[in-house]
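Here are a few exercises on aromatic rings and what surrounds them. Have a go at each one before you read its solution.

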Amino acid sequence: MSSCRSLCCADIPPSALLFLCQGTLAMLDWQNGSMGPGGETLLLDTVHVLFTLSSQIKESTLEMFLSRILVLWTNSAIHILESSSPALKDSLNGNSSIVGRLLEYIYTHWEHPLDALRHQTKIIFRNLLQMHRLTVEGADLVPDPFFLELTQILLRLEWHIKGKYTCLGCLVECIGIGHILAIDNTIPSQILEVMGDQSLVPYASDLLETMFKNHKKHLKSQTADSTWIDQWHETWVSPLLYILCEGNLDQKSYVIDYYLPKLLNYSPESLRYMVKILQTSIDAKTGSSSSRGALGALMACLRAARAHGHLQSATDAWENLVSSARIKQGLIHQHCQVRIDTLGLLCESSRSTEIISAEEMQWIQFFITYNLNSQSPGVRQQICSLLKKLFCRIQESSQVLYKLEQGKSKHEPENGLTREQPSVSLQQYKNFMSSICNSLFEALFPGSSYSTRFSALTILGSIAEVFPAVEGRVQVVYQLSHDIDASRFQTLIECFTSTFEEVKTLAFDLLMKLSVTPIQFQDTGKLQGLFQAALELSTSTKPYDCVTASYLLNFLIWQDAVPSSLSAYLTQSAAQSDENKPASVAERNTLTVIKCLIENLEEDVSQAENSLLQAAASFPMYGRVHCITGALQKLPLDSLQLVSEWTAVVEKLLLMSYRISAVVAPVIQSSSPEGLIPMDTDSESASRLQVILNEIQPRDTNDYFNQAKILKECDSFDLEDLNVCVSNIDTFADIRGKEGKTCDVTAQMVLVCCWRSMKEVALLLGTLCQLLRMQPVPESSAGLLTVEQVKEIGEYFKQHLLQSRHRGAFELAYTGFVKLTEILNRCPNVNLQKLPEQWLWNVLEEIKCSDPSSKLCATRRSAGIPFYIQALLASEPKKGKMDLLKITMKELIFLAGPTDNSQSTVPQVHALNILRALFRDTRLGENVIPFVADGAKAAILGFTSPVWAVRNSSTLLFSSLITRIFGVKRGKDEHSKTNRMTGREFFSRFPELYPFLLKQLEAVADTVDSDTGEPGRHPSMFLLLLVLERLYPSPMDGASSALSLAPFVPFIISSSQGHQDIGLHSGGVC
């Protein structure tokens, strides 16, 4: 024991000391007083060491360990208090300094970003209450001064503080709810009022559950008869019904989802009370399009009750609780949520085998007739989800009915599953499903709205999924393919022409689920026509047409409906391999189609190399590339059979991608891609760009971007002739497309063609990296990509991310590059694993050198540079030490700081922009929190720079840091405390900012002219006030002066002299 004490007092690292304390608490026996007086002293010494460590440790992992060890200490304290001396009880009662320090720790960490740490804080508070109970054992707990004061402190706090709910819940468990309701009996209503905030709902509902359970036990113990239930209903159910009828939309939704099920599960008998109250109010409060009314509240209560098993059967509910007229009224109510709740009442059940009655089927058919065209995406999603639950019930209950029919059971089904004969119910199911499908296909008429098509196709997809085409003796009550004829198949094919990709996706997925393809679609001429149409659409200038082409080609591939004329693209060995392995039919078809697309793409690229203007007008390249990517994404490329064929195709695709990129890069990488006004000084890139500009001929007139140019197609494109044609501003020439039609071309069309081509190339390369197998070792020949090819792809992404100016281009290149970096980090090849690290050091060196000849973009928020570094760091394995991230953050923070060399601020601007991207990246999560304080310092100091670019980047970084620290601001109330924290919590998490902000604020106050009282123009004043306005006093500020906000107040008052607006900003502190 003495050795443990000496070790705790030794000079060792904080982490080692932390785990030494853990070992002391875990390995020694603290029960039954076996430790003696020395053990009591060791226990007190240990907690003081832990308090010291809590102010030193800031890394999230160690903070988590510290909270667990404090829980372990409180458990040990409880054990030793049960048989301890009076002296120890005096040291651990509610008025002791140790309990005060524990409360300080709780108040500081009860809203910590880590859920696990918040949970440990709750346990510490519960144990703290237990410790005090043991010190005052035998006394009445309710009038105890410590509990009274603690209750008053918690009730005085704002309801937006999440820790208030957990601590109040522990307090209720300790001393009961009676004392709290005696102080304020409106607390249930107050808690229900805050349930409009999604972030508070789980905490509020858990507290309410703890309270009403405790209250019911308390009332039952105080009253012999059943009259107590009326008081309980008045306290807990009446406020709930008021919210359901009169509350705002968010309140109602969250109360129904979180609080109502808990109340019904604990007190099912309260349902009849709710229904009785609401039935009397329905006629007076039916509701409207903006209000649910009493009818909506009734349907919500019944739905929750049935879903949780409190209504044994639907029939009982209709007969005893609500009439059929009310159900129909709810199904067509003006308010969408009332309709959803009524549908949920029909579809949801606690038993998946509960039989659906004929009356329920009629009501659901009635609902579908009027609700397919809902304009709300959330409502459509809920409708489709509920109907899928209904179909699952039909499927499950039909299996029970089949067993009953086969067994010819002579007795009624268990629990009265059905009052009809099994064969009658099964036939009703078949008729119902056929009727539903008829209604859905009727809704897919030409010209139907997006919402109608989305709903109909989603529901049809659910039917095909729930009732699959099975072989063998398994009986299925319904199969969608039996109701699909040629006209309905054609209807699904026509859905590919929708301008909404979601509709195309749903139609394609549904077609893939159907087991039978109508014989009309096996006709050779029909297939050739479909394939030719897909090829034509792949070169359309309308972007959604190429998406249509992709889905159409995938449909032909997977239905084995590729025209036989394409078989020439397969080599003899590939054809023989396919004959031996029938499972590779889709692979063979995909290979055939991709080879055909590559052949057509080569022609398009060759023409684009001659005239980019002609390509933008008649044969944009991105459509073909999109179709190739779509075909590859559908194919399981980890189990390919024709490896040799695919290796050649991959090589061609890589070369083609680089050619396309070379054609469009001059536009994407120009200094002003949107307007194509070149300011490039590099002769190599400028020369190629000038050729393109000579085609488009930008003019210094305001109507250039609104006025299309019409140019003539000729066999050889002569720039001199073109310049003559456009020498006059009102002179037009024609370019004619493949069908001889005149094409209008503007600079925007060229730009769209270029960035979309770049986008599709990036996605294609990302797909190749993500899906195709890479070699485990360089010498292996089994892979489809060589090490050199992977390096080339990496260099490609590096070039375009670091040099592209167009945001659409480098954002999509980032998507492809992320896929590459993720693959490289999982690759068994060590050389490939090291590539991301090498690329990271290279770009950091280029940023630091500030070479005037560098092609890195210093404007446009550093363009693609932050994306490049973000991809490299975010893909680093999270299970490791994240060394790359730590080293990079330190390097960037150093570069982002003030520099003496005012001539070279480019590295500083780059560093600020990169830091902004890293702090915003959710994938890095808590790993960037240790660098938040240094980042805030760099942003505030950067705001004082005389260079505008530095100030601009510093402002953007500061905005990201505010969001990272305080969370996303979802409300419009600037004085709301939702996205704020106490000063103690803020400065405990970022202690370096306490002296820094105080010093900066003192500097601001010093700039105030004492004679005139007018503030000087200190640049960082506004940033400082933005931080301080989000801080408010902690409950411990009166008891402890450490990290208090009081020292800031005099400087704020001094700074606000003569400036009326500043007082408003400083309201959070004052």
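**Exercise 1.** Does F555 count as buried or exposed?

*Solution.* Keep in mind that this is a predicted model. The cut-off for buried is under 20% relative accessible area. F555 comes out at 2%, so F555 counts as buried.

**Exercise 2.** Classify the ring pair F489 and F555 by the angle of the planes.

*Solution.* Start with the distance: the ring centres are 5.9 Å apart, and the pairing cut-off is within 6.5 Å. Next comes the angle. Stacked needs planes under 30 degrees apart and edge-to-face needs over 60; these planes sit at 50°, so the pair is tilted. Now place the partners: F489 belongs to helix α24 (residues 486-494) and F555 to helix α27 (residues 543-558).

**Exercise 3.** Work out how F366 and Y370 are arranged, and where they lie.

*Solution.* The centres are 5.2 Å apart and the planes make 65°, an edge-to-face pair. Both residues are in helix α20 (residues 358-371), four residues apart, about one turn of the helix.

**Exercise 4.** Which residue has its charged end over the ring of F366?

*Solution.* Look at K328: its charged end sits over that ring, 5.1 Å from the centre.

Note on methods: Residues are numbered from 1 along each chain as its sequence is written. This is a predicted model: local features need pLDDT of at least 70, side-chain atom pairs count only at pLDDT 80 or more; totals for chains, interfaces and linings use all residues. Side-chain values use heavy atoms; hydrogens and water are left out. Rings of Phe, Tyr and Trp (its six-membered ring) pair if their centres lie within 6.5 Å; planes under 30 degrees apart count as stacked, over 60 as edge-to-face and the rest as tilted. Helices (H or I, at least four residues) and strands (E, at least two) are DSSP runs, numbered from the N terminus. Buried means under 20% relative accessible area, exposed over 50%, partly exposed in between (1.4 Å probe, protein chains only). A charge sits over a ring if NZ of Lys or CZ of Arg is within 6 Å of the ring centre and within 35 degrees of the ring normal.
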